[in-house]
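Welcome! Take a moment to look over the sequence and the model below, and then we will walk through a few of its features together.

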2 protein chains.
Amino acid sequence: MMPSSFGSVLIISGPSGAGKSSLIKAAKDRIGDFYFSISTTTRPPREGEKDGVDYFFVDRETFEADIKAGEFLEYAQVHGNYYGTSLKPVREALEEGKLVIFDIDVQGHAIARERMGDLITSVFVTTPSLQELERRLHGRGTDDESIIKKRIDNALVEIEYITAYDFLIVNDNFEDAVDSFIAVAKAARLKKGRKQALHFINEWRNGK
Amino acid sequence: MMPSSFGSVLIISGPSGAGKSSLIKAAKDRIGDFYFSISTTTRPPREGEKDGVDYFFVDRETFEADIKAGEFLEYAQVHGNYYGTSLKPVREALEEGKLVIFDIDVQGHAIARERMGDLITSVFVTTPSLQELERRLHGRGTDDESIIKKRIDNALVEIEYITAYDFLIVNDNFEDAVDSFIAVAKAARLKKGRKQALHFINEWRNGK
């Protein structure tokens, strides 16, 4: 057993419509105990979305006050709305030795890398092609044309960041993608931050 | 499916006696098709070891001639013997889109990182403690005392390099370690080199 029970971090990013949420949902009972970081956002809930489950939905004033208070690990504006990750529950989960999973965008990933890069394993999930992304976004029927256009414009930018990620899952066959995601999540648990690795080395030599 | 079928690399390192070979053997039918890089060495075969299976066994003159010919991806001297990795079969396996698995030491890992870092996922395997390593080395009964002492001295150096690896497997419960190794190997397949990632991005946009 690891002498240090400090946790690690898995970041999943990729265009809206690539299937990130479906992957996490399908894998969630097969990757052991983890804390899924719930984002805070100023965008209005979509139909069926619940506060404290899908997001913490807050107004702009609250969000900006929390930014000033240093409450966010990272935050960004996407499609004109704020999205951010509260730091406190993440820190608590890591101290409990849990794997913390973040579904964040490429900007969030870059910032998290700076703040806690040695704890992070990251995976980018995408469709096999841009056309397939367009097809899925239209097929899901939750967004109007102007939002789909924004998502596609955003995807064209995000896709450039693949090289910043440890792993790439091309979500073509869903079951294969789930298997891949499970492997990445299990591997992510084996990531040791620098501090924890040095602690382990010390105990290893001294025969805890 | 990935438009580019170029392979990727998994490096496994750790002290002699930590169980690297046993892990690979136990996992080998559960991680898909891969090429296991066979090292070339000048050390004499142990009882039961076969040329072209365990190692390519060559003499010092042959090894040094191959170094001069640029035939090695990496090589190092450990316990007074040369160990090295021939480049040609690795290149061929990568071009066939295979996962290439290397069982190499911390020096070899560092050199391979410089040469093809963007293709590499790496995992360090160790016992839970130094005492447990000593116990296993004595228990395996293949080495005399002076060799065991050398392996332990070497382990005390190698353990310092954990922080250079992506993942750490503490081989305490063997079945857990096998599961972890399988996850890391499956994840390693999802690693894309920079060149392959840029190729993918281009095809993704243009709708191959």
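## A word on exposure

A residue is called buried when its relative accessible area is under 20%, exposed when that area is over 50%, and partly exposed in between. A:Glu92, with a relative accessible area of 40%, is therefore partly exposed. Please keep in mind that this is a predicted model.

## Salt bridges along the helices

Over all chains, the count comes to 25 salt bridges. One of them joins A:Lys88 to A:Glu92, with the closest N and O atoms 3.8 Å apart. These two residues sit four places apart in helix α3 (residues 87-95) of chain A, so about one helical turn separates A:Lys88 from A:Glu92.

In helix α5 (residues 130-140) of chain B, B:Arg135 and B:Glu132 are three residues apart, about one helical turn, and their side chains meet in a salt bridge of 2.9 Å, N to O. B:Arg135 is exposed, at 53% relative accessible area, whereas B:Glu132 is buried, at 16%. Helix α6 (residues 145-158) of chain B holds B:Asp153 and B:Lys149, four residues apart; their side chains form a salt bridge of 3.0 Å, N to O. Here B:Asp153 is partly exposed, at 37%, and B:Lys149 is exposed, at 52%. A network of salt bridges also links B:Arg46, B:Arg140, B:Asp143 and B:Arg151.

Now find A:Glu74 in strand β5 (residues 72-78) of chain A.

The side chain of A:Glu74 does make a polar contact of 2.4 Å with the side chain of A:Thr85. Beyond its neighbours within four places in sequence, A:Glu74 is in contact with residues including A:Tyr83, A:Ile104 and A:Ile111.

## Where the two chains meet

Chain A and chain B each give 40 residues to their contact. The area buried between them is about 3500 Å², and carbon and sulfur atoms give 70% of that. A:Phe167, A:Leu190 and A:Trp204 supply 22% of the area that chain A buries against chain B, more than any other three residues.

Two salt bridges cross this interface; one of them pairs B:Arg205 with A:Glu160, the closest N and O atoms being 2.2 Å apart. Between the chains there are also ten residue pairs in polar contact. On the side of chain A that touches chain B, α8(A) gives the largest share, seven residues. The residues of that side divide into 23 nonpolar, eight polar and nine charged.

How values were computed:
Residues are numbered from 1 along each chain as its sequence is written. Chains are lettered from A and ligands numbered from 1 in the order in which they are written. This is a predicted model: local features need pLDDT of at least 70, side-chain atom pairs count only at pLDDT 80 or more; totals for chains, interfaces and linings use all residues. Side-chain values use heavy atoms; hydrogens and water are left out. Contact means heavy atoms within 4.5 Å. Buried area is the accessible area (1.4 Å probe) that two parts lose on being put together, summed over both. A salt bridge is a side-chain nitrogen of Lys or Arg within 4 Å of a carboxyl oxygen of Asp or Glu. A polar contact is a pair of N or O atoms within 3.5 Å; within protein, one must be able to donate a hydrogen and the other to accept it, and residues adjacent in sequence count only if both atoms are side-chain atoms. Ala, Val, Leu, Ile, Met, Phe, Trp, Tyr, Cys and Pro count as nonpolar, Asp, Glu, Lys and Arg as charged, and the others, Gly among them, as polar. Buried means under 20% relative accessible area, exposed over 50%, partly exposed in between (1.4 Å probe, protein chains only).
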